[in-house]
Amino acid sequence: MATGLVIHISSGDDRHTEILTDDSVRIGTSESCDLRLRSSSLPKTAVNTVLLELSRANGSYRVSESNPAVPLTLNGEPITSGAEIHDGDELRIDNSELVLRSE
């Protein structure tokens, strides 16, 4: 059973890894986010906002909410509420170099 979510973040030459362990994780540029992204690497519609919220249940993280103003894809497909995040999944934000990969 998973105890957290390891996310590898890359934007151009900038790369780092975050380990998230909360049952609910907010990802975006807003100060209220658990995982804050640099707004300079994102489209203007993503500035000072929550892009994605993940919730953990039964050891797995799932998409609980996503910002409709910011086009997000999960493994090349539009992201949907309830989608489960698996090891190796790739989340991309359209019109940006930002990529999140889960492990």
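Ala, Val, Leu, Ile, Met, Phe, Trp, Tyr, Cys and Pro are counted here as nonpolar, Asp, Glu, Lys and Arg as charged, and the others, Gly among them, as polar. The structure is a predicted model, in which local features need pLDDT of at least 70 and side-chain atom pairs count only at pLDDT 80 or more, while totals for chains, interfaces and linings use all residues. Residues are numbered from 1 along each chain as its sequence is written, and side-chain values use heavy atoms, with hydrogens and water left out.

**Exercise 1. Describe the largest cavity by its volume, its lining and the strands that supply the lining.**

Step 1. A cavity is a set of points, on a 1 Å grid over the protein atoms alone, where a 1.4 Å probe fits but cannot get out, and its lining residues have an atom within 4 Å of a point. The count comes to 1 cavity of 30 Å³ or more.

Step 2. With volume taken as the space filled by probe spheres set on the grid points, which are joined across faces, edges and corners, the largest cavity holds about 100 Å³. Its lining has 13 residues, of which Ile7, Ile85, Leu91, Leu100 and Ser102 are the closest to the centre.

Step 3. Strands are DSSP runs of E with at least two residues, numbered from the N terminus. At least two lining residues come from each of β1 (5-11), β5 (50-57), β10 (90-93) and β11 (98-102), and β11 gives the largest share, with 3 residues.

Step 4. Sorted by class, the lining comprises 9 nonpolar, 1 polar and 3 charged residues.

**Exercise 2. Locate the salt bridges of aspartate 14, aspartate 23 and glutamate 90, and state how accessible aspartate 14 is.**

Step 1. A salt bridge requires a side-chain nitrogen of Lys or Arg within 4 Å of a carboxyl oxygen of Asp or Glu, and by this rule there are 5 salt bridges.

Step 2. Aspartate 14 pairs with arginine 38, their closest N and O atoms lying 2.4 Å apart. The two residues are 24 places apart, aspartate 14 being in strand β2 (residues 14-20) and arginine 38 in the loop between β4 (35-36) and β5.

Step 3. Relative accessible area (1.4 Å probe, protein chains only) is called buried under 20%, exposed over 50% and partly exposed in between. Aspartate 14, at 29%, is therefore partly exposed, whereas arginine 38, at 54%, is exposed.

Step 4. Aspartate 23 and arginine 56 form a salt bridge with closest N and O atoms 2.8 Å apart. Because aspartate 23 lies in the loop between β2 and β3 (24-28) and arginine 56 in strand β5, the pair ties together parts that are 33 residues apart in sequence.

Step 5. Glutamate 90 and arginine 101 meet in a salt bridge at 3.0 Å, N to O, which links strand β10 with strand β11 across 11 residues of sequence. Through shared partners, Glu90, Arg92 and Arg101 belong to one network of salt bridges.

Methods: 1 Å grid on protein atoms, 1.4 Å probe; cavity = no way out; pocket = protein on both sides within 12 Å on 5 of 7 lines; lining within 4 Å. Helix = DSSP H or I, 4+ residues; strand = E, 2+ residues; numbered from the N terminus.
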